[in-house]
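Visitor: I would like to go through the terms used for this protein and see what each rests on. Please set the values against the cut-offs as we go.

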Amino acid sequence: MMGSGLEMLIALVFGYLCGAIPFGLILVKSAGLGDIRTVGSGNIGATNVLRTGNKTVAGLTLILDAAKGAVPAALMGWLYGPEAGILGGLAAFFGHLFPMWLGFKGGKGVATSIGVLFGLFWPLGLIFIGVWIVMALVFRISSLSALTASVLSPFAAWALGRGDLILPAVIMGAAIFVTHRANIARLVRGEEPRIGKSKPA
């Protein structure tokens, strides 16, 4: 059953505040590497953090960006029910994309979306990662891997019998396509850099 209006509001606010934590910016500054917004694409996500040359900081950013999606999805779902979990997860995802602390300019959402999927139903998150890895091994293009996994996630939710997660997967996938529009343009032109290259993404 759907939780009360207050419970939904708590899930929304808690999810957004978790998602809006700019871990990439915080970790890069804490490591004495400057402002990540002046590096590469200016994005606060793990892919751009990797361009600082510090793999440890990039790895921590990836983990924490995923965690800030997983925690609200799982915790709100546990406390108030599955609808609250979905709302909390989506709020965290959009909090990452549009953090109010940074003028609503955040990351591209891939790591956080994985975290949300894990928090809601871990096999779905695992499938996303599996698709990403296979595509990355074959094509060596991070953005293509993320876009492909995003497209397949709603179908995976359906195949796993989780029809309630199809719409959240579609919403996050559509948003990821929007945040990757520059990458898509480069893919069409055949100019998207492969994994390990230093061009903006």
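Visitor: At what angle do helix 2 and helix 4 pack, and how far apart are their axes?

Guide: This is a predicted model. In it, helix 2 (residues 23–30) and helix 4 (residues 55–80) pack at about 150 degrees, and their axes are 9 Å apart.

Visitor: Why is helix 2 called roughly antiparallel to helix 4?

Guide: Angles over 145 degrees count as roughly antiparallel. The angle here is about 150 degrees, so helix 2 is roughly antiparallel to helix 4. The crossing of the two is right-handed.

Visitor: Which residues make that contact?

Guide: Helix 2 supplies Phe23, Gly24, Leu27 and Val28, and helix 4 supplies Val57, Leu60, Thr61, Leu64, Asp65 and Lys68. Of these residues, six are nonpolar, two polar and two charged.

Visitor: What makes helix 1 and helix 5 roughly parallel?

Guide: Helix 1 and helix 5 pack at about 30 degrees, with axes 7 Å apart. The cut-off for roughly parallel is under 35 degrees, and therefore the pair is given that name. Their crossing is right-handed.

Visitor: Which residues of helix 1 and helix 5 meet?

Guide: From helix 1 they are Met8, Ala11, Leu12, Gly15, Tyr16 and Gly19; from helix 5 they are Glu83, Ala84, Leu87, Gly88, Ala91, Ala92, Phe94, Gly95 and His96. The contact divides into nine nonpolar, five polar and one charged.

Visitor: Why is helix 5 said to be largely enclosed by the rest of the structure?

Guide: Because 12 of its 16 residues are buried. Among them are Ile86, Leu90, Phe93 and Leu97. The cover over the buried residues of helix 5 includes helix 1, helix 4, helix 6 (110–120) and helix 9.

Visitor: What span is expected for helix 5, and what does it reach?

Guide: At 1.5 Å a residue, 22 Å is expected; helix 5 reaches 23 Å from its first C-alpha to its last, which is close to that value.

Visitor: How do you know whether serine 153 is buried or exposed?

Guide: Buried means under 20% relative accessible area. Serine 153 has 5%, so serine 153 counts as buried. Serine 153 is in helix 8, and its contacts beyond four places in sequence are Leu117, Leu124, Phe128 and Ala169.

Notes: Residues numbered from 1 in each chain as written. Predicted model: local features only at pLDDT ≥ 70, side-chain atom pairs only at ≥ 80, totals over all residues. Heavy atoms only, no water. Axes fitted to C-alpha atoms, helices over the stretch in contact; angles between N-to-C directions. Helix = DSSP H or I, 4+ residues; strand = E, 2+ residues; numbered from the N terminus. Parallel < 35°, antiparallel > 145°, perpendicular 65-115°, else oblique. Left-handed = near helix turned anticlockwise from the far one by under 90°. Contact = heavy atoms within 4.5 Å. Nonpolar A, V, L, I, M, F, W, Y, C, P; charged D, E, K, R; others polar. Buried < 20%, exposed > 50% of the residue type's maximum accessible area, 1.4 Å probe, protein only. Expected span 1.5 Å × (residues − 1).
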